[in-house]
Amino acid sequence: MSEANRNLALRFASGLTLAPVVIALAWRGGGPFAALCAAAAALAAAEAILLVAPLGLPEVYAVAVSALFPLAPWWVGGTYPPWTPVAAAFAAVVLLVLHLFATPLEEVPRRASAAALAWIWVGPIFASVVSLRIRFGFGWVILALVLAFANDTFAYFAGRFAGRTPMFPRVSPKKTWEGFAGGAAGSVLGALGMRALD
């Protein structure tokens, strides 16, 4: 089996296994769903950081902070608490202090930036899913999941079978404009499908 086929089989098996758990916890909502989103944020943050830096003590701390983002909306009822900017500033100071003791000085800018990327990109995405469940209900969470799945699936197959034009080789050598277009089309079709079921 080729590497591409192995990746496809792994994606399919992971989706088939995790989908019932995600749907059940999204239906339940509350703390269990927020905890699921926190775990997903931690995994995604670790993956994002590993793209540019190893996982040392400061990076593990950054992953833990990323996991706190989805818990904040659940704690206060659908939005960030008013003291969030102060907490973020304090977390950034702690991160820099950890780097001063655990990281060679010349590597601090790159590795601190990787942690900041996780906080700015990963944490708020999963926090928005928790807020969506609290403020608008189960159906909107399912819509978001369907759109993400449809986008990823269509982008994968469009890129694999029709991808010819590189999108941004320096960042992601395998991403193509054809895959991007396929993902956009998948999102539209997913939304129309959900609308038809409404």
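Biologist: Which residues touch the most other members of the largest nonpolar core?

Modeller: I49, A62, V63 and W119, out of 21 residues in that core. Helices α2 (30–50), α3 (57–76), α4 (84–102) and α5 each supply at least two of its residues, and α2 gives the most, with seven. Another core lies apart from it, with seven residues, among them A26, A34, V129 and V130. Keep in mind that this is a predicted model: local features need pLDDT of at least 70, side-chain atom pairs count only at pLDDT 80 or more, and totals for chains, interfaces and linings use all residues. Residues are numbered from 1 along each chain as its sequence is written, and side-chain values use heavy atoms, with hydrogens and water left out.

Biologist: Why is a set of residues called a nonpolar core?

Modeller: Because its members are buried Ala, Val, Leu, Ile, Met, Phe, Trp, Tyr and Cys residues, joined through side-chain atoms within 4.5 Å. Buried means under 20% relative accessible area, exposed means over 50%, and partly exposed is in between (1.4 Å probe, protein chains only). In this chain of 198 residues, 30% count as buried.

Biologist: What does W119 touch?

Modeller: Y61, A62, V65, S66, F69, A91, A92, L95 and P124, not counting residues up to four places away in sequence. A contact here means heavy atoms within 4.5 Å.

Biologist: Why is R111 called buried?

Modeller: R111 has a relative accessible area of 6%, which is under the 20% cut-off, so it counts as buried. R111 is found in helix α5. Leaving aside neighbours within four places in sequence, R111 is in contact with A53, P54, G56, E59, H99 and T103.

Biologist: What makes the R111 and E59 pair a polar contact?

Modeller: Their side chains are joined at 2.9 Å. A polar contact is a pair of N or O atoms within 3.5 Å; within protein, one must be able to donate a hydrogen and the other to accept it, and residues adjacent in sequence count only if both atoms are side-chain atoms. At 2.9 Å, the R111 and E59 pair falls within that limit.

Biologist: And H99, buried or exposed?

Modeller: Buried, because its relative accessible area is 0%. H99 sits in helix α4 and touches P58, E59, V108, R111 and A112, again without residues up to four places away in sequence.

Biologist: Why is A184 called partly exposed?

Modeller: Its relative accessible area is 37%, so A184 falls between the 20% and 50% cut-offs. A184 lies in helix α7 (residues 177–197). A184 and N151 are 33 residues apart in sequence, yet 6.2 Å apart in space, C-alpha to C-alpha.

Biologist: How do you know that β1 and β2 pair?

Modeller: Two strands pair if DSSP finds at least two bridges between them. Strand β1 (residues 166–168) and strand β2 (residues 172–176) have two bridges, in the antiparallel sense. F168 stands opposite S172 in β2, and a hairpin of three residues joins β1 to β2.

Biologist: What makes a run of residues count as a helix or a strand?

Modeller: They're DSSP runs, numbered from the N terminus: helices are H or I with at least four residues, and strands are E with at least two. By that rule the chain has seven helices and two strands.
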